[in-house]
Amino acid sequence: MTPLLESNEHKSLREAVAAFAKTHPHTTNAEDNTRLWQAAAKLGYIGVNLPEAYGGGGAGITELSLVLEELGAAGNPLLMMIVSPAICGTVIARFGTEEQKREWLPPLADGTRLMAFGITEPDAGSNSHRITTTARRDAVTGDWIFTGRKVFVSGVDIADATLIVGRTEDARTGKLKPCLFIVPRDAPGFERRAIDMELNAVERQFELTLDDVRLPADALVGDEDAGLLQLFAGLNPERVMTAAFGIGMGRFALAKAVEYARERTVWKTPIGAHQAVAHPLAQAHIDLELARLMMQKAAHLYDAGDDVGAGEAANMAKYAAGEACVKAVDQAVHTLGGNGLTREYGLARLITASRVARIAPVSREMILNYVSHQTLGLPKSY
């Protein structure tokens, strides 16, 4: 089925998730968020992309992004869906050992366990080649000794483990290469500190410190020499899911604005009849729909095994969705005027939240660098 048109199965899934999401109140605290997560998992939504052999739905990122979009459109975007099933679950399903798959995939699918993901560092930012978190082998025991720092790691306080990107030394060249490790939340030397964010979100952000954290040999995910391949196997779904996150949020804001514009009457006319109000809302809708098309293309390419094509499309989808989300939220708040800043309508909190879709997990400027260099063939600027 072409990604331009949704299959009947996808339409049915979208309708079912939308109906489910509307029956749950907005998640305003950790308890509400956990209940929503568990209820969604019980219906198979959280693990829809994970292999059937390990308790998942056997589908792909296409279906998982659809679920997140519809939850977001109902006002309940589950941020950890980007992290736990999409990044961590995908990486383990594709590259993990049989033991790792048996240990982690079933509980990730049924919602009983969560996994966080740590890549960003205080001094590295968008330059993943400057990651300084390193793992070295203990020559006697074969254990890994892990040292470093990570920042802006979501949900570490509720995750059972964190999939962390570190670097190991290549015995042949002496150069450092990226590798992925599963770090249990209670590992000695693994500390977390909440970052004080001016962001109204249930999921909290953390800075992590790894002080000679000792991990067993089997904490390494996949092949030590295939780190970049494995890393981007998780980062491409992350971009697709961030696009779904932004599109869902934009749709939620736009729906609020459209409803208000239909009902709010000034001088005996609904304000939605005025082009100055109607046209910006129509433009926001168009931008969201275009972003969704690119997101669906990226998801289909990824699920088809085209990692290279998916990388380009996922970056474009994330860029388009971030821009569309910010514009939709801004126009929705502006349409409601003063009401757009009240707690009653639930839009003001999205002004900050919508920026996340622009900033994370990669800035729009870095995406433009990628497209100009990788797609257009222009000289690299960095």
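Predicted model: local features only at pLDDT ≥ 70, side-chain atom pairs only at ≥ 80, totals over all residues.
**Stop 1: the cysteines**

Select C179 and C88. The cysteine sulfur closest to that of C179 is in C88, 16 Å away, which is too far for a bond. A disulfide would need the two sulfur atoms within 2.5 Å.

**Stop 2: the nonpolar core**

Next, select M81, M115, F117, F146, L163 and V183. In the largest nonpolar core, which has 108 residues, these six touch the most other members. Now colour helix α6, residues 227-263: this helix gives the most to the core, with 16 residues.

Stay with F146 and show what surrounds it. Which residues is F146 in contact with, leaving aside its neighbours within four places in sequence? They are T133, T134, A135, I164, G166, F181, V183, L210, D211, D212, V213 and L215. V183, in this list, is also among the core residues that touch the most other members.

**Stop 3: the cavity**

Move on to E6, R14, T62, L66 and Q296. Of the 11 residues that line the largest cavity, these lie nearest its centre. The elements giving two or more residues to this lining are α1 (8-22), α3 (61-73) and α7 (275-303). The space inside is about 80 Å³. By class, the lining has four nonpolar, five polar and two charged residues. The count of cavities of 30 Å³ or more comes to one.

**Stop 4: backbone exceptions**

Most residues other than glycine have a negative phi, and most peptide bonds are trans. The next three selections depart from this pattern.

Select F152 in strand β3, residues 144-154. Its phi is positive, near 55°. Is F152 buried, partly exposed or exposed? F152 counts as partly exposed, because its relative accessibility is 48%.

Then go to K268, in the loop between β9 (265-266) and β10 (269-270). The phi of K268 is also positive, near 65°. With a relative accessible area of 82%, K268 is exposed.

Finish at A360 and P361. A cis peptide bond joins these two residues, with omega about -5°. P361 sits in the loop between α9 (348-359) and α10 (364-375).

Methods:
Residues numbered from 1 in each chain as written. Heavy atoms only, no water. Core = buried A, V, L, I, M, F, W, Y, C linked by side-chain atoms within 4.5 Å. Buried < 20%, exposed > 50% of the residue type's maximum accessible area, 1.4 Å probe, protein only. Helix = DSSP H or I, 4+ residues; strand = E, 2+ residues; numbered from the N terminus. Contact = heavy atoms within 4.5 Å. 1 Å grid on protein atoms, 1.4 Å probe; cavity = no way out; pocket = protein on both sides within 12 Å on 5 of 7 lines; lining within 4 Å. Points joined across faces, edges and corners; volume = space filled by probe spheres on them. Nonpolar A, V, L, I, M, F, W, Y, C, P; charged D, E, K, R; others polar.
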